[in-house]
Amino acid sequence: MGPQEQKIIAVTGGGTGGHVYPALPVIRKLQKQGYDIHWIGSHRGIEKNLVQNWALSYHSVSTGKLRRYFSLRNFTDIFRILLGFFQSFFLLSRLRPALLFSKGGFVSVPPVMAAFLLKIPVLTHDSDVDPGLATRINSRFARRIFVPYKESLRFFSQKYAPRLVVSGNPVREEFSNSDLTLPEDLEQKIQGRKLIVVIGGSLGAEQLNGLVEKSLETLTEEFFVIHQMGEKNYKPSDNPFYLPLPFINEELPAIFRKADLAVSRAGAGTLWELAAAGTPSLLLPLVSGSRGDQIKNAGVFASAGLSVILPDNTDRDIFIREIYGILNDEDKLKSMKSAANDFIRVPAADVILEYIHKEEKI
């Protein structure tokens, strides 16, 4: 595709990393094929910094939160959403992209509606078992609705069936790269011990952090622990078999592939990255302050045999017992690793790309 023929594809989504990171594998493949990618996001959302770090064109529009409960802010946010719609309409009128790919989140609704009115094809993807409210709205305007699991299909009425595609969740290719290795100095620190990596999301997780702190002395008698604590919660340690980090970025795929066990929340993106890396996981799904999506995500992975779920009231003793129960049972560990390696059949980015090319030709 030469410079004169370069096509534009617009991408929208934001609010959390889960509405941003899974788009990257799709974007990378499109860029390699010569497409010019433009992201439509909010003025101050997490997506702005992430996308600008990827060297993409970024366009901000106004957005409001879609709430399922009564709040006076629902009334003021209606005007923000309307403003975002008009901003998106004029932006898309100028860009004239071949299509719009939505990763969900509140900011995606105005661009999706504007694209529909401009007869720009819309494709939307949701990472969780059951779709969020934004995806439920966007699905009305989308030509293709990508969902991660067969179990997700039951959350849509029959009228959507011809447009639904079970794609899985896109994961960066690095997570399945068997040639990745840890830095030599980190390998030397691990000293051949089994490796536990604790991931609580980009901001850390206080419940997980507390369990690790209470269990650390016992765990490091036998294992090496790498712990993403979150920027605000980071505390250094002089324990030689413990590596606390504020945030793991470039080394994450290599760490996942090296780890014998990951302890994590149950965000969809992290779970699929662990599966791509072939890493068994011990999950503590987020319960309070959520719509239950992490519990459902964890259930799918536990049923497939690559994860074990911790109860929400997990204490130090339960935490230690479950970790030792997995890592010191070679048959169980082997079975979980095998289930992880078998979980992803076809990369989701390839499935989505196939439909992107189909929609271009219509």
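**Exercise 1. Work out how exposed Glu354 is, and find the partner it meets in a salt bridge.**

Step 1. Glu354 has a relative accessible area of 42%, so it is partly exposed. (Buried means under 20% relative accessible area, exposed over 50%, partly exposed in between, with a 1.4 Å probe and protein chains only.)

Before going on, a word on the model: it is predicted, so local features need pLDDT of at least 70 and side-chain atom pairs pLDDT 80 or more, while totals for chains, interfaces and linings use all residues. Residues are numbered from 1 along each chain as its sequence is written, and side-chain values use heavy atoms, leaving out hydrogens and water.

Step 2. Now look for the partner: the side chain of Glu354 meets that of Lys358 in a salt bridge, 3.4 Å from N to O. (That term means a side-chain nitrogen of Lys or Arg within 4 Å of a carboxyl oxygen of Asp or Glu.)

Step 3. Glu354 and Lys358 sit four residues apart in helix α13, so about one helical turn separates them. (Helices, H or I, of at least four residues and strands, E, of at least two are DSSP runs numbered from the N terminus.) Lys358 is partly exposed too, at 39%.

**Exercise 2. Find which distant parts of the chain the salt bridge between Asp350 and Lys29 links.**

Step 1. Check the contact: the closest N and O atoms of Asp350 and Lys29 are 3.1 Å apart.

Step 2. Compare the cover: Asp350 is partly exposed at 33%, whereas Lys29 is buried at 19%.

Step 3. Arg28 is in helix α1 (residues 23-32) and Glu174 in the loop between β7 (164-166) and α6, 146 residues apart.

**Exercise 3. Say which residues touch the most other members of the largest nonpolar core, and which element supplies the largest share.**

Step 1. Of its 36 residues, Val197, Phe224, Ile226, Phe256, Phe301 and Phe343 touch the most other members.

Step 2. Elements that each supply at least two residues of this core include β8 (195-199), β9 (224-228) and α9 (268-277). The largest share, six residues, comes from α9.

Notes. Core = buried A, V, L, I, M, F, W, Y, C linked by side-chain atoms within 4.5 Å.
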